[in-house]
Amino acid sequence: MSTPFSTPFLSAFLPDLALLVLALVVLTTEIVFRKHQARWTARVAVAGLAAVLILLAALPLPSGGVAYAGYQVTRSVVVWKQLFALATLATILLSRSYFRNGHSLRGALANPGAFYGLLLFSTTGMFALVSARDLLTFYIGLELATLPLYALTALQPRNAGSIEAGSKYMLMGAFASALSLFGISFLYGAAGSLGFDALAKVASAQPSLSAQPFLLAGVLMLLGSLGFKLAMVPFQMWAPDVYEGAPTAVTAFLSTGSKAAAVAATTTLFLGPLNLPRIDLGAIFALAAVLSLLAGTLGAMRQSNLRRFIAYSSIAQAGYMLMAFTGGEGSEAAARIALQYNLLVYGTASFALFFVVSLVGRSAPETIPSLRGLSARSPALAALLALSLFSLIGIPPLAGFLGKFLLFAVAARNGHYTLIFIGALAVALSFYYYMRLLKEAYQPVQTAENRGAPASAVPLSPIRLSLAGKCAAALLAILLVVLGTCPGMLNFIASR
Amino acid sequence: MRDVLFYLLCAVMLGFAVIAVTSRNLFRAVLAFAGVILGTVILFFALGAEMTALAQILVYIGGVMIFVLYAVFLTSGEEVGMPKPSVAKIIFALIVAAIPLSLIAGLALRAGCTFPVAGEALQSPIASLESIGLRLLNPGADGFLVPFELISVLLLAAMVGAIAIATREKEAETADGILTEKQEDAS
Amino acid sequence: MNSGLSWTLLALPVVPAASALVLALCGGALLKKNLYNVVGGLATLAAGISFVLALFLIPAGLLGTGTSVTLDLGSWIATESFYAGLKLNADSVGTLMVLLVTFFGFLITGYSVGYMRNDREQGRFFASLNLFVASMLVLVLADNLVLIFLGWEGVGLCSYLLIGHYWNERGKDQDVPLAAFRAFFVNRIGDLLFLLGVFFLFAAFGTISLSELSARAASPHGFGVMFAGREWMAVLAAFLLLGGAFAKSAQAPLHVWLADAMAGPTPVSALIHAATMVTAGIYLVMRLDWLFLAVPQARFLIAVCALVTLVVGAFMALTQNDIKKILAYSTLSNLALMFLALAAGSSRAAMLHLFGHAFFKALLFLSAGSVIFSAHHEQDARKLGGVLKSLPVTRAAFWIGCIGGAGLIPYLSAGFFTKEAVLESVREATFNGFGLGVSGHVLYWIVLGVESLSALYLFRLLGYLNGESREKTAQVTDHSAHHGAHGAHDHAHDHHAPHESSPAIRLVLIVLSVAAPLFAWLSGTPKLTAWVTGGLGEWEPMQWAHVAPFLVLNIVLAGVTYVVFSAVSRREAVLSALGSLRWGGRGPLDRKFWFDDLYAAVIVLPLKVIAWVLRLVVENVFIGLLHLAGLIGRGASRLLRRQQTGYAHHYAAAILLFLTAAAWILLWRRG
């Protein structure tokens, strides 16, 4: 334990505190700036997040990490936090244009202070979640990460879908939250303490499951609650509805930042204190992975709504990531690296996809047919779309391939060969549904007219990118390629 | 004596739960739900799990309930009566409720299914407020300083969210007003 | 460690890849400014540079004994349990393949400059073509299986893009997207099998580096150590990898896509679907020969599937009328020959035939392309009677190609000595597996018989194209009808006789027409062959006694077929021009002197029956399975959507039920 305001204490807490302060500052930015509130709030938030990222990267950390009052910061925790901060940053950049009218058929966003503030609160919750050393901090972190998202989902005025999605998300979220509380109380009963160390001791000491069914009940309930956040089958049903209704930037955050938080939480618990050798959790995770792959694949195949499509694709991606939890004992480090790498890669590809969706969504409904003729309207955007889809499919040398390979390798350690086979099958099938988007994008527009598509559904005007937009597109494209091809990338993550 | 109190409390909670589920008035249902949570809190205290009880109060009564109330009021208008559910729905709901209940009952009735570890909390049946307070502000390994502080952030976030949803219509109008000015494309 | 020569290995794929990137980004802009030749020229230049670079590899990679050029760029993927390096390696096999890929890549890209000159989407076409060459080079040079998979996927993707090239122009009436999709679907199955195979290979041996694997296999007690306790994994890996190779190289039952692939532009068919990509599966088996030598069941499976493909390909080629389909089915049976050589354990024969086939098939496809281009994309051989008469260069090339493919004249036919090598290897081998054993002698005669059909179908085609036109008048109107549709401006002045199309096309045809006999001469000179293919084992002089039956049979068949087909059509043409001698519609003229009937009764009918049965069994069953899979998928998808009701309480109920069920199951199982 370190004393307050010592160097290790600061290096552990400063980023989290800075983020919290940033959230509060962003809430009040509106008071300072009377004009262009949205723009200034976004600028403050971006600058602050950049500072948080720099703090996370620059502050020295003792090799064993720092612990203070049930709060722990280690190197892997810092990597998770960097992932969350990156996702939030990208979400803010993506959301900026939505505060202006005419940038989405769904209407403009309002209330930038609350929007960005809530987003940052959610990120703070994620930070707490991965640093937790006891179930209480864990639970509150989980709640803090999720609760602002309910409000964010409902934050699109004059859009009944947004409000419906928000209330549905909140209802399901409350249900999941109740499950986790219930589960935590079972675990508390079993261990007599909320601390992870006590929990780990009890969990590893159980002679057999029949002696401890309450432990199992607690584990299952927590799994249900985390499964909800992960959008893992059978807890995935909210995802398409909420993804469809939420504002685009929030959907992007749900499918990247929130998913990363869920994966991090699952890693913290199930590759940490609840890595139970005698309860065959690997089998449960394998089953959930198979079901998620199945549901995601089948669901994505017949969707024409882009957001629901992305929801199903994210369910399938959750299925791949669940494979990392089937490795059993001794695979924790490999699983963590595979997951962090995957989330980085998946997040990059997702934001590239959402970037395209947001630009297409200006003048057309966010459906797959709206992508038609994209290559003619903006070849660069179409190329970006292609890159991101290829990465999501996992075509080498793009990073998605390496990510999936690492996940499969973890699953192989415990001999889950059937799972690997199903995973590979899902990869093969994913080619089909992701290519639908690409096919649409590269379909010449005149063919569409010949086939009798309504002319109004096919906007022909070229999409022009501003300088910032071009930079963002180029950065995303470079990231997509470099993440997969740069040989030292993985070692860099692993060394952290 | 404690057994009697326990069953009494359970009966009250069950009553609230029935009201929460069957009431046609949304507001009353939410209040009854708050009652259930309050009952749970007392139960936690009685069992010596003071931290869980505290979390329950702060998070549920303080944050989530207010959020729910706001949401109910602001999205649907006041005094919304709900339609009477069909018999099929009731039967469906009963079945769904019965199945997890069967599991819990099964677990409880199983021989040898007791909590093996009597934690330190169980040794002092009713925790004193003082000990709770000290523990909340204790930065040591068994203290809960960080979650305690985090709860305040959670409450703030819940308030902000509720207010944001409540004021969104007005804000949208002002936003429109601002946006009649010509703005250059920055994305 | 990396010498200057080593960096050549990196430059080989990078040059065309860079060109592909440039074309993909700026191709559209260049075309808008009407710089058509710049687009094609850049692509050709990139492929040409690759070819020149490949020539530098010859001294070290090919002529030295047992040496190879290696480039090690460090690690690509490195975790505690898994390592994949960025290592390129060109041994003798690799160097040969690099030469093949770059040579044909260069020539055919140049050819495409002429062939595609009126295409508005040239940028995409040439970018894909260059990317294909780059991917194929990565596939060939890669030292580990993950890197090979990179190339494997890359060539598959380019193939898909190029098959679908015409989807907006002629796509509607030819079902191009469907064809592209079917090709793509089968290839995905192959990729899946390949990836799983790599995975199990890794699981069995803990490494995916080819050089490491084969070095271990070569050590005295290599196999005993390698397979210890994990035999089933190695066997499984062999079968899975074989599945991948079958899909890529179009072997039964995964052969159905190759005929569909003919929907792409003809140069693509020549480069990808005849000379290079389809040989990737053969290359893979060659690379992993230590594995297949250790798993005799796999080799037996290769032999069975290759035999089926050989028969299907040859008979189907006989019943087709589309020029490109005839050539595609002929490719099938030639690939099957290479696999037979591999099953017999002779990489040398497989490699030799791979080269021979590349030469004559590329020549055939390219001259067919020239015909098709001159005839405004007419591909039906029956409607192209005599078309070669007005295309002197193409005619010469077609003749050389047909003679090469049928193996008629030693030292002139690119396929003569190579087929002979395959036959010889089959004869000397025995095939055992699954408790069955087949003597190579039996197989030898079957293969010899079936392979002789190649003379039949090639010279039937030649007879059509070089004989007299049956429907000369119809052809002319046909042309003008096609004119408007395709907007080929440069043909506006001449409706009647198709003429040689473009200097680029002619030049490439001439080069290949010279190169193919050169190769034939090389392949027939054992000393030269041994020198060049030193890394592939001993090279014995050929026994002419074994060759004689093959030769005689082929010459007779080819001659008879050619005479029959060209003569009938010429006579028919003359008589229909007179237009008087009709015997009630049933006379010898209308019935073409009963030759067709005779042909129908004696050859076509049994062939048709055989082809029909084969198709029914092999294709329909397979496609039926595909449909079934689609049906199941659709049903499941519908079920899934029904479950997605949109009511939160349904979702919550589902969660509760699932959790309870999971808890009960776990407790019941463990308790």
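**Close-up views of a predicted model**

**View 1. Helix H2 of chain C and its packing partners.** Helix H2(C) covers residues 36–56, 21 residues in total. Its first and last C-alpha atoms lie 31 Å apart, close to the expected 30 Å. That expected span is 1.5 Å times one less than the number of residues. Helices (H or I, at least four residues) and strands (E, at least two) are DSSP runs, numbered from the N terminus. The model is predicted: local features need pLDDT of at least 70, side-chain atom pairs count only at pLDDT 80 or more, and totals for chains, interfaces and linings use all residues. Residues are numbered from 1 along each chain as its sequence is written, while chains are lettered from A and ligands numbered from 1 in the order in which they are written. Among the buried residues of H2(C) are Val39(C), Leu42(C), Ala46(C), Phe51(C), Leu53(C) and Ala54(C). Gly40(C), Thr44(C) and Ser50(C) are also buried. A residue is buried if 20 or more other C-beta atoms lie within 10 Å of its own, exposed if 12 or fewer, and partly exposed in between; C-beta atoms are placed from the backbone. The buried residues of H2(C) pack against helices H1 (4–32), H4 (92–115) and H5 (122–141) of chain C.

**View 2. Val98(C) in the largest nonpolar core.** This core holds 463 residues. A nonpolar core is a set of buried Ala, Val, Leu, Ile, Met, Phe, Trp, Tyr and Cys residues joined through C-beta atoms within 7 Å. Leu129(A), Met323(A), Val98(C), Leu340(C) and Ala362(C) touch the most other members. Helix H13 of chain A (residues 332–360) gives the largest share, 20 residues. Domain 1 (1–143) and domain 2 (581–670) of chain C both contribute, so the core lies between them. Domain bounds come from an automatic or database domain assignment. Leaving out residues up to four places away in sequence, Val98(C) touches Leu12(C), Ala54(C), Leu57(C), Ala90(C), Leu137(C), Val140(C) and Leu141(C). Two residues are in contact if their C-beta atoms, placed from the backbone, lie within 7 Å.

**View 3. The hairpin of S3(C) and S4(C).** Strands S3 (residues 430–433) and S4 (residues 436–439) of chain C run antiparallel, joined by 4 bridges. Two strands pair if DSSP finds at least two bridges between them. Asn432(C) has Gly437(C) as its bridge partner. The hairpin has 2 residues between the strands, and Phe434(C) takes a positive phi near 55 degrees.

**View 4. Ala29(C) on helix H1 of chain C.** Ala29(C) has 11 C-beta neighbours inside 10 Å, so it counts as exposed. Its C-alpha atom is separated by 35 Å from that of Ala358(C), 329 residues apart along the chain.

**View 5. Confidence along chain C.** Mean pLDDT is 77 for chain C, with 75% of its residues at 70 or more. pLDDT is the predictor's confidence in each residue, from 0 to 100. Helix H14 (residues 280–287) of chain C is highest, with a mean of 92, and helix H22 (residues 472–486) of chain C is lowest, at 42. Over residues 472–496 of chain C the pLDDT is below 50, yet this stretch has 21 contacts beyond near neighbours in sequence. Residues 574–596 of chain C also fall below 50, with 18 such contacts. The model scores ipTM 0.82 and pTM 0.75.

**View 6. Chain B, built from 8 helices and 0 strands.** Buried residues make up 19% of its 187 residues. Chain C has 27 helices and 4 strands, and 53% of its 671 residues count as buried.
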